[in-house]
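Here is a friendly walk through one protein model. Have a look at the fold first, and then we can go through its helices together.

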Amino acid sequence: MKIRLLLADDHPALLSGLKHELSAIPTLEILGTAADSGALVEILQSHTCDVLVTDYVMPGGQYGDGMGLLSYLRRTYPQLKIVVFTTMENPALTQEMAKLGVNALLGKTQHTNQLISAIHAVYAGSNYFPSDDVALGRSGITQSPASNLALTKREFEVVRLYVSGLSINEIAEQLHRTKQTISSQKASAMRKLGISRDAELFRFAFESGMASSPALTQQ
């Protein structure tokens, strides 16, 4: 099942670029794009959206922008996962967004892989704030891409499928194993990688290239 995505930004070139790059990801489905809060809410009113990727500053829209818009979205669409993609990287502002219930915050200087990772992480129920701010329950990743070589083929495949958007039950069905076996292999992989949270697992998988690795032959 694909993640239904809505993109909002008042810069047409950036919005077009994001749509082009994210449309190439097989686990994502772009429902639409919006240049202001009015168009954004109009799409939300007519479509079921899983994740919203939105700029923080989008002046001129019917529902405002910034914290006002985010507060409205959180009240009106409580199930919607919100990723703020912005040039404003202020620690105090980040903390206020986290308190409000924003699920992820990324600077526009970050590589697109970070955004892809954040989308998958929040869809899976994690929050994604790539920094070392312990007060917000966040942590960085120190593993090198080579560390995934410590995984067995089965552990690698379970992680690859998990970060592609499949649930533990769906992976178990696809690989013809029990749910308990899949859960155990995922836990073992995370332990070897020194990762304790799903958000970190998603980020590691995308940044290391694991998420785009071809399927492995089952043994």
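Just after helix 4, G101 adopts a positive phi of about 115 degrees. This is a predicted model, in which local features need pLDDT of at least 70, side-chain atom pairs count only at pLDDT 80 or more, and totals for chains, interfaces and linings use all residues. Residues are numbered from 1 along each chain as its sequence is written, and side-chain values use heavy atoms, with hydrogens and water left out. Helices (H or I, at least four residues) and strands (E, at least two) are DSSP runs, numbered from the N terminus.

Helix 4 spans residues 91-100, and its buried residues are L93, T94 and M97. Because they cover an arc of only 100 degrees around the axis, they sit on the same side of helix 4; the arc is that of the directions from the helix axis to the C-beta atoms. Buried here means under 20% relative accessible area, exposed over 50%, and partly exposed in between (1.4 Å probe, protein chains only). On the face turned away from the buried side, helix 4 carries the exposed residues P91 and K99. The buried residues of helix 4 pack against helix 3 (66-76), strand 4 (81-86) and strand 5 (104-107), where contact means heavy atoms within 4.5 Å.

## The chain as a whole

The protein chain has nine helices and five strands, and its pattern along the sequence is β-α-β-α-β-α-β-α-β-α-α-α-α-α. Of its 219 residues, 48% count as buried. Among contacts in the chain with a separation of 6 or more, 65% come from residues 24 or more positions apart.

## A buried cysteine

C49 is found in the loop between helix 2 (37-46) and strand 3 (51-54). Its relative accessibility is 13%, so C49 counts as buried. Leaving out residues up to four places away in sequence, C49 touches R4, L5, L6, L31, L44 and L80. C49 and K81 are 32 residues apart in sequence, yet 8.6 Å apart in space, C-alpha to C-alpha.

How do the axes of helix 7 (residues 168-175) and helix 8 (residues 179-193) cross? They come within 8 Å and cross at roughly 110 degrees; axes are lines fitted to C-alpha atoms, for helices over the stretch in contact, with angles from 0 to 180 degrees between N-to-C directions. Helix 7 and helix 8 are therefore roughly perpendicular (65 to 115 degrees; under 35 is roughly parallel, over 145 roughly antiparallel and the rest oblique). I168, N169, I171, A172 and L175 of helix 7 make the contact with K179, I182, S183 and K186 of helix 8. By class, this contact has five nonpolar, two polar and two charged residues (Ala, Val, Leu, Ile, Met, Phe, Trp, Tyr, Cys and Pro count as nonpolar, Asp, Glu, Lys and Arg as charged, and the others, Gly among them, as polar).

Helix 6 (residues 153-163) also meets helix 8: their axes come within 9 Å and cross at roughly 95 degrees, which makes helix 6 roughly perpendicular to helix 8. The contact joins R154, E155, V158, V159 and Y162 in helix 6 to I182, Q185, K186, S188, A189 and K192 in helix 8. The axes of helix 6 and helix 7 come within 10 Å and cross at roughly 130 degrees, so helix 6 and helix 7 are oblique to each other. Here E157, V158, L161 and Y162 in helix 6 meet I168, I171, Q174 and L175 in helix 7.
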